[in-house]
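Keep the sequence and the structure side by side.

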Amino acid sequence: MYRYDEFDARIVSERVAQFRGQVNRRLSGELLEDEFKPLRLQNGVYLQLHAYMLRVAIPYGQLNGRQLRRLAVIARDYDRGYGHFTTRQNIQFNWVALKDIPDVLESLAEVEMHAIQTSGNCIRNTTSDHFAGAAKDEIMDPRPWCEIIRQWSTFHPEFAFLPRKFKIAVTGAEHDRAAIRVHDIGLHMRQRGDVVGFEVHVGGGQGRTPHLAALVNEFVPETELLDYLEAIMRVYNRFGRRDNKYKARIKILVSEIGAEEFRRLVSEEYAAQREHEKIALPPEEIARIHAYFAPPELTPASGPDAAFEALKAEDKEFARWARINLHPHKVEGHASVTISLKPVGGAAGDATDAQMMTVAHLAETYAHDDIRVSHAQNLVLPHVALKDLPAIYRELKAAGIATANESLITDMIVCPGLDYCNLANARSIPVGQAVQEVFADPDYQEDIGRLHINISGCINACGHHHVGHIGILGVDRKGEEFYQITLGGRADEKAAIGDIAGPGLKADDVPGALKRVVDTYRDLRTDKSELFIETLARLGHDPFKEALYAAD
Amino acid sequence: MPLIKHGAEIDDIWAYVPDEADLSPGGCITVSLARFRSEREILLARNTDIGVRLDPEDDPHELEEFLDRLQLIEISFPKYTDGRGYSQAQLLRRRFNYAGELRAVGHVLRDQIFYMNRSGFDAYETARADLHEVVEALNEYTEVYQPAAAGQVPVYRKRHKG
């Protein structure tokens, strides 16, 4: 993984000093809250329902053991013993006191971490495939380019006060696990002959007006990527709407002027760049950053591992976990392991300090000191030898994080909702838990197969409900919470926005209604290999809507 | 209002003439882009220095062919959260090679001045930061990741200096 050199380290430690000054000026009253707001926001500090919340960046979701240990210590010493991993591969602490935040940032800087641009109307953490560098279906590792984008976007002087927040995602595999079509810019790595480049999608997003990104350029060679991004950003900064916060994202600009006109504006700006304006990142810098992401040295296994096979035969729970939570690895005899943070009845994405310590220890002992955060709010050990799985499983089980449900129906994306967030209209966590209860039986959920349920507690869609196979949106109607169900969304390379099925349901009715929908799918599928989303596409939504609103 | 330029507080010899007011016969004046557009011949024929004030929605391309006859361009920040002025500044300085004074006016706060300086501003009209603070803000970061109008060498070049 990337390691800071003297320049990176200096920039991050100067940031800590700067923010310490800003906090002092706020605490002394010299800065008004209104003026402090954009400063704290560019450093991930939100004022939430109960307290300040600190969001720490985990660039493209990658951590090492030392960093995860430090997050655990912060959770223990400054929070209430847990942290919340987010859909943008970051971590949030919900109970940190403002006066302590400079110390927390200093502690993070010691392990090469920061909270820079984790909020505010600027370029946010670049997200990526959580199996990057490991997945069997990967064509190119997107992480070096995520790091290049991280550096380019950090304190970019021209793009610190954009019309609205800005999110970039990069993927390098055919199967898109980074949801690039619902990002402000989605980059898909491509190769033409010897040249690596990017397919550029612009203007995707969720929120109250969901849009899929438009294809703006089929191939931008890697050496031109940053200059092309500069052109997109300048067009957005100059022409994006600023009169209405809800119409300020780039998706609205692209849809109002049309993809064709947007493409013309970007091409015109790009063509106008003069030689001295170009970044034209030097090849030696591209090579320097790539060197940090060299694959770990793994020895391919010659055949099945005896210990792994034996434990599968004797321990049904282990066998189930191994069937569900492992992802195919490039190297024979290895796998990427998903550590689910979605136990039935838990809060999605939450991990205690002790659990973080366990994962850090496992990564250091067995997994090349590499940990990822997935946008589905789970943790991943990307490089694990099958022979080490029994030992890893035992420790995960003891720590309460061996739930076997990766991509199954109980592996839901759930925003914090009304329990924490001051934007929310409705609770998310309790509704998610009630839905989980209905599908809790391990045989039942395995029979259902891959099915993504995503829940948001308000129209801002942090819980990605628009792109859930089944989406749940909490709304407030005259003081009562209702839940609107959407069907048919997906976040992958076949990205689609779900359709609203009909009138909202009361919280208590949601689990039963979803069970009827899912059982309808089990009745109608051709066989177990046809996923819910595929049956839905084959038959249309009517039978499922009927089931949703049928009386029990 | 205090004016800070090149690390010192200086006297402001310029006056902005609102669109509805008559042009004064002498002195250094700035006008809006709209007025510059409609009264350009008269303005450029004067024996005095001329400046133009850009609002966020103004297109700096309009000034391109007149830049060597302007001594001041003011970029207005009605709200500090409106970042269009940074793009205007970069266009003027980097694409059009504007060499005169580039002044930030309006809601100019201490914590935006670092970005403004990097984008090509060299003067700040601000009631919300004193000289000491502005100088401090300009020096908060010693390294930068990207090229910009102010010309600081980005780290991706420094890393590979032989």
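How many residues of chain A are in contact with how many residues of chain B? In this predicted model, 32 residues of chain A meet 27 residues of chain B. Several helices of chain A build its side of the contact. α1 (6-27), α2 (33-41), α5 (143-153), α6 (225-239) and α9 (283-291) of chain A each supply at least two residues. α1(A) gives the most, with six residues. By type, the side of chain A that touches chain B holds 14 nonpolar, six polar and twelve charged residues.

Now turn to chain B itself. Chain B has six helices and eight strands. From the N terminus on, their order is β-β-β-β-α-α-β-β-α-β-α-β-α-α. The radius of gyration of chain B is 16 Å, close to the 15 Å from the globule rule for 162 residues, so chain B is as compact as a globular protein of that length. Its C-alpha trace spans about 55 × 30 × 25 Å along the principal axes. Of the 162 residues in chain B, 41% are buried. Take the contacts in chain B with a separation of 6 or more: residues 24 or more positions apart account for 46% of them.

Last, go back to chain A and look at helix α18 (residues 542-549). Its buried residues are A:Phe544, A:Ala547 and A:Leu548. They cover an arc of only 105° around the axis, so they sit on the same side of α18(A). The buried residues of α18(A) pack against β19 (480-487), α16 (510-524) and α17 (532-539) of chain A.

How values were computed. Residues are numbered from 1 along each chain as its sequence is written. Chains are lettered from A and ligands numbered from 1 in the order in which they are written. This is a predicted model: local features need pLDDT of at least 70, side-chain atom pairs count only at pLDDT 80 or more; totals for chains, interfaces and linings use all residues. Helices (H or I, at least four residues) and strands (E, at least two) are DSSP runs, numbered from the N terminus. The radius of gyration is taken over C-alpha atoms; the globule rule is 2.2 Å times the number of residues to the power 0.38. A residue is buried if 20 or more other C-beta atoms lie within 10 Å of its own, exposed if 12 or fewer, and partly exposed in between; C-beta atoms are placed from the backbone. Two residues are in contact if their C-beta atoms, placed from the backbone, lie within 7 Å. The arc is that of the directions from the helix axis to the C-beta atoms. Ala, Val, Leu, Ile, Met, Phe, Trp, Tyr, Cys and Pro count as nonpolar, Asp, Glu, Lys and Arg as charged, and the others, Gly among them, as polar.
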